[in-house]
Each structure stands twice: as C-alpha cells, then as structure tokens.
Amino acid sequence: MASLVAASPPAIRVSGHRIAGGGEKAYPLYTIHTTCAATGRVHVTERRWSELRNLYVQLKVEWRPQLQRAALAAPKFRQHHIGTGHLSKKLLASREREMEALLVYFATALQLRLAPQLDDAAAFSGPWVLHAFLVGEEVDAADRRSTSAASTPASTPSASATSPLPAGSPSSAAAAATA
C-alpha cells in the first residue's frame with residue numbers, strides 16, 4: 001500500500017486569492033495547497049496568473065512529447081484577460097478553478113512526484129519547474145538551479161509557507177532530466 005501512496009501525484013487545491021498591490025497596480029495572488037502523497041506534507045504558496053502562464057508555456061514547449069503520450073484531455077487555459085474587470089469576483093473564481101484544473105492536469109500527465117524528504121532526489125520525478133511552482137521555489141531560468149524563495153527580494157509577489165530546498169536538491173537531477 002505504501003508504494004501506491006508514494007507513486008501518487010500530489011494533491012493540488014487552489015483555495016482562494018487575495019488582492020496585492022494597490023490602486024491601478026492591484027493584482028490577484030492565488031493560494032495553492034500542494035500535499036505530498038507519500039508524507040501528507042502540505043506546501044502553501046501564492047502565485048500570480050502571469051506566473052501560471054509562464055509555467056504553461058514552458059511545460060507545453062519542453063514537455064510536449066510526454067504530454068502527448070499521457071493522452072489526457074488538457075483543460076482550457078485562457079492566458080489573458082482583456083478589459084477592466086481583471087479583479088471581478090466572477091473572473092477570479094473562474095481562474096481559481098482553471099488554475100487548479102491545469103495544475104492537476106500537468107502533475108498527472110507529467111507524473112510529478114514530490115520527494116518525501118526535500119533532499120531526496122531519488123524520490124522526485126517530473127518537471128523541476130512544476131515542482132518549484134507548487135512548493136514555492138523560485139527557478140533561475142538561465143541555469144535551472146533553484147534559488148531560495150526566502151532570498152528573493154521582498155517585492156517578489158510569490159511567497160511560500162514551506163522551507164526552500166537545500167543546495168544539491170532534486171533541482172540538479174530534474175534539470176538533467178528536462179535538458
């Protein structure tokens with residue numbers, strides 16, 4: 001039974017949003033809860049819609065063969081909203097559902113497995129960029145090494161309630177797998 005739990009993708013839930021910034025520069029941050037199937041550890045992070053759009057594009061380009069082999073129907077993804085209602089309750093609630101469906105799709109189709117221990121590279125599988133998005137790591141696109149979310153400037157909108165992965169974490173193994 002334990003092997004079935006360890007082989008399961010993480011449970012992902014988008015539980016709501018909050019408005020950050022102010023005035024004309026206000027933007028929503030969506031709260032994502034990701035539960036490791038093997039340990040029950042819950043990672044809570046906040047992400048902007050633009051960050052999801054960047055993740056979407058990267059995964060669609062870099063992981064296209066794996067997504068096609070998964071033969072799962074991809075949920076709709078509206079990358080942009082045109083107009084003044086970008087903070088309307090109806091749109092934000094719709095985006096919460098869309099974000100959750102898309103993240104669950106990617107985690108399932110790309111067989112994402114979170115490591116039970118954050119430094120256990122052997123137990124990790126799937127795209128590092130998706131793992132980092134869900135657990136609150138910042139990813140340096142130039143070399144795909146993780147940078148601690150705690151060390152990013154305070155002006156960075158993403159936040160995480162979990163501790164960052166240590167140096168030598170699964171990022172190097174996952175980066176090699178995605179290259």
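Two residues are in contact when heavy atoms of one lie within 4.5 Å of heavy atoms of the other. By this rule, and leaving aside neighbours within four places in sequence, Glu96 is in contact with Val14, Gly16, His17 and Tyr30. The model described here is predicted.

**Overall layout**

The protein chain has 179 residues, and buried residues make up 40% of them. Six helices and six strands are present. Read along the sequence, these elements follow the pattern α-β-β-β-α-α-α-α-β-β-β-α. Among the contacts with a separation of 6 or more, 60% are between residues 24 or more positions apart. The accessible surface of the chain comes to about 9400 Å², and 55% of that surface belongs to carbon and sulfur atoms.

In soluble globular proteins, nonpolar side chains tend to be buried together. In this model the largest nonpolar core holds 33 residues, and Leu52, Leu103 and Phe106 touch the most other members. Strand 1 (11-20), strand 2 (27-35), helix 2 (49-62), helix 4 and helix 5 each supply at least two residues of this core. Helix 4 gives the largest share, which is eight residues.

Apart from its neighbours within four places in sequence, Leu52 is in contact with Phe77, Met99, Leu102, Leu103 and Phe133.

How many of the residues of helix 5 (residues 128-135) are buried? Eight of the eight are buried, so helix 5 is largely enclosed by the rest of the structure. The buried residues are Trp128, Val129, Leu130, His131, Ala132, Phe133, Leu134 and Val135. Just after helix 5, Gly136 takes a positive phi of about 95°.

**Charged pairs**

Side chains of opposite charge can pair when their charged atoms come close. The count for this model comes to three salt bridges.

| Arg18 | Glu46 | 2.7 Å |

The bridge between Glu46 and Arg18 links distant parts of the chain: Glu46 is in strand 3 and Arg18 is in strand 1, 28 residues apart. Glu46 counts as buried because its relative accessibility is 14%, while Arg18, at 40%, counts as partly exposed.

Arg78 is partly exposed, with a relative accessible area of 43%, whereas Glu98 is buried, with 13%.

**A buried charge without a partner**

Where is Glu96 placed? Glu96 is in helix 4 (residues 89-109). Glu96 is buried yet has no salt bridge. A salt bridge needs a side-chain nitrogen of Lys or Arg within 4 Å of a carboxyl oxygen of Asp or Glu. For Glu96 the nearest side chain of opposite charge is that of Arg97, 6.6 Å away.

**A buried histidine**

His43 is in strand 3 (residues 42-47). Is His43 buried or exposed? His43 is buried, because its relative accessible area is 3%. His43 and Ile32 are eleven residues apart in sequence, and their C-alpha atoms are 7.9 Å apart in space.

**Two loop residues with positive phi**

Most residues other than glycine have a negative phi. Ala71 is not a glycine, yet its phi is positive, near 55°. Ala71 lies in the loop between helix 3 (64-70) and helix 4. With a relative accessibility of 66%, Ala71 counts as exposed.

Gln111 also has a positive phi, about 50°, although it is not a glycine. Gln111 is found in the loop between helix 4 and helix 5. At 52% relative accessibility, Gln111 counts as exposed because the cut-off is over 50%.

Notes:
Residues are numbered from 1 along each chain as its sequence is written. This is a predicted model: local features need pLDDT of at least 70, side-chain atom pairs count only at pLDDT 80 or more; totals for chains, interfaces and linings use all residues. Side-chain values use heavy atoms; hydrogens and water are left out. Helices (H or I, at least four residues) and strands (E, at least two) are DSSP runs, numbered from the N terminus. Buried means under 20% relative accessible area, exposed over 50%, partly exposed in between (1.4 Å probe, protein chains only). Lys and Arg count as positive and Asp and Glu as negative; His and the chain ends are not counted. A nonpolar core is a set of buried Ala, Val, Leu, Ile, Met, Phe, Trp, Tyr and Cys residues joined through side-chain atoms within 4.5 Å. Accessible areas come from the Shrake-Rupley method with a 1.4 Å probe; for residues, only the protein chains shown count as cover.
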